[in-house]
Amino acid sequence: MIEAEHLTFRYPNKKCDVLTDITLRLTKGRTVITGASGSGKSTLLALMNRLYPDNCDGIVTGRLHLFDRSYDTYEAGEVNRRVGTVFQDPDSQFVMQTVEEELIFTLENFAVARDEMMARVTTMLEALHLTDYRHRTIHDLSGGEKQQIAVACALIGRPEWLLLDEPLAHLDPETAHHFVRWLDGVAQTVNVVVIEHRPYIWGDFFNRQIKLVSGRIDYDGPFIVRPDYAFSPIKVERGKEMLFHIPELKRKTFQLAASELKVAEGDLIAVLGRNGSGKSTWLRSLARKHREVGLVPQSPAHLFVTNDVTRELAYGHNRPIEDVLTRLGLESVRDHHPLSLSHGQKRRLAIGVMMLSNKQLIAFDEPTAGQDEVSLRALYDLMVERTRSGQTILFVTHDLSFARIANTYYLMCDGDLSGPYDASLWDEKELLRTHGLLMVESR
């Protein structure tokens, strides 16, 4: 698919290259691309489907061939007939209102005959177990549900190659397990390239691994399965108790039940549940109802109000920012515009901004998505400090390894919040199963 020789990529007006001296030959199979957040993984993926230089500003030097042709000989969109792509933020890919309309729009772009379209849509939704979503409004879906729809849109054109950027980041453990099993079958007819920070979840799915370090290839060889990282619970000292009321909310897809959240200063709380169970909606309702709650949503770029990283961290307070800047791995991009950062860097910046705020309760929606282990360790340390200083932290996550740092847990199912639970929750196998928190076999 791709043949690169001494390939270098740089954004305009930047002194440093994002990718440097990349020599690579990508052949059929299943490849995982790993590396620290900001190491150039997503940029490399964008070069594979020829987003650069026509669709995004960038300077490419060196040799780059796609399917035995130089990348600059392709017409806009031509290579996408053979390459399907799902980006980190699936919202950036959707243009239509409903799932069915989005799938049809994709087929229209490929000039598929109209009498064939509906059958193709039905087959794809059935294969992905997404039939119930056919007439749903995309805007109303959860982040994990949108991810699955984006995959359906990428595959419905029947590409030869499928490029996936962190496809499991917003999926609950059960859905992630089913997705990998399903893709294992699909990959008999399509070649797969995946960017992944936690490849252990995929088992022995991959046969090749490419590791990037600061924009260079550090390893290119057979994939070796390694165990997941582990985190220990953070010991907290609970202070004054606070009561938060979240009102009932009716939506087209579910009804969010009224609930009360009783927390204490210094608490560290994890909210867990399936995709589409109402976690993000509940979190937004909590933040809207109570001004003392600071929220970092799944798409943190909406929070940014300045034009460089240091100003963003310093905005609205007089606290020193250098420690947070360094510990969150943002020192090298301190003068960059927040919107020019990688997905993982944007999330860390938003986390840093909220950590420096004076909010009584800080709420994070999927703070671990797109983060490497070093970044997660830094986040862990910051959470230790903030809780010990009396701030209360609440986070929604599908990363069950990181979730174990909490001292209190709540579960969400179809808009209903249950809890609190303590660490004994992890021994309640049936309770975990009913909330999609066990990687069980497909039923």
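Predicted model: local features only at pLDDT ≥ 70, side-chain atom pairs only at ≥ 80, totals over all residues.
A residue is called buried when its relative accessible area is under 20%, and exposed when that area is over 50%. By this rule Leu26 is buried, because its relative accessible area is 1%.

The protein chain contains twelve helices and 20 strands. Along its principal axes, the C-alpha trace spans about 65 × 50 × 40 Å. A compact globule of 443 residues would have a radius of gyration near 22 Å, and the protein chain agrees with this, because its own value is 22 Å. Of the 443 residues, 56% are buried. Among the contacts with a separation of 6 or more, 68% are made by residues 24 or more positions apart. The accessible surface comes to about 19,900 Å², and carbon and sulfur atoms hold 48% of that surface. As for charge, the chain carries 52 positive and 60 negative side chains, and the centres of these two sets lie 2 Å apart.

Apart from residues up to four places away in sequence, Leu26 touches Met1, Ile2, Thr31, Met48, Trp161, Val193, Arg208 and Ile210.

Strand β3 (residues 30-35) contains Arg30. Is Arg30 buried or exposed? With a relative accessible area of 13%, it falls under the 20% limit and is therefore buried. The side chain of Arg30 makes a polar contact with the side chain of Asp184, at 2.6 Å. Beyond its neighbours within four places in sequence, Arg30 is in contact with several residues, including Asp184, Ala187, Gln188 and Val192. Phe205, Phe206, Asn207 and Arg208 are also among the contacts of Arg30. Arg208 also touches Leu26.

Helix α6, formed by residues 279-289, is mostly covered, with eight of its eleven residues buried. Among the buried residues of α6 are Lys279, Trp282, Leu283 and Leu286.

Loops can also hold buried residues. Pro367 lies in the loop between β17 (361-365) and α10 (373-388), and it counts as buried because its relative accessible area is 2%. Pro367 touches Arg347, Ile351, Leu379, Phe395 and Val396, when residues up to four places away in sequence are left out. With Phe395 the separation is 28 residues in sequence and 7.3 Å in space, C-alpha to C-alpha.

The backbone itself remains to be considered. Most residues other than glycine have a negative phi, and most peptide bonds are trans. Ala111 has a positive phi, near 60°. It lies in the loop between α2 (99-109) and α3 (114-127), and its relative accessible area of 62% is why it counts as exposed. Arg158 likewise has a positive phi, of about 55°, although it is not a glycine. Where does Arg158 lie? Its place is the loop between α4 (143-155) and β7 (161-165). Arg158 has a relative accessibility of 58% and so counts as exposed. Finally, the peptide bond that joins Gly419 and Pro420 is cis, with omega about 5°. Pro420 belongs to strand β20, residues 416-421.

Note on methods: Residues numbered from 1 in each chain as written. Heavy atoms only, no water. Helix = DSSP H or I, 4+ residues; strand = E, 2+ residues; numbered from the N terminus. Buried < 20%, exposed > 50% of the residue type's maximum accessible area, 1.4 Å probe, protein only. Polar contact = N/O pair within 3.5 Å; in protein donor to acceptor, adjacent residues only side chain to side chain. Contact = heavy atoms within 4.5 Å. Rg over C-alpha atoms; globule rule 2.2 N^0.38 Å. Areas by Shrake-Rupley, 256 points an atom, 1.4 Å probe, with all protein chains shown as cover. Lys, Arg positive; Asp, Glu negative; His and termini not counted. Charge placed at Lys NZ, Arg CZ, Asp CG, Glu CD.
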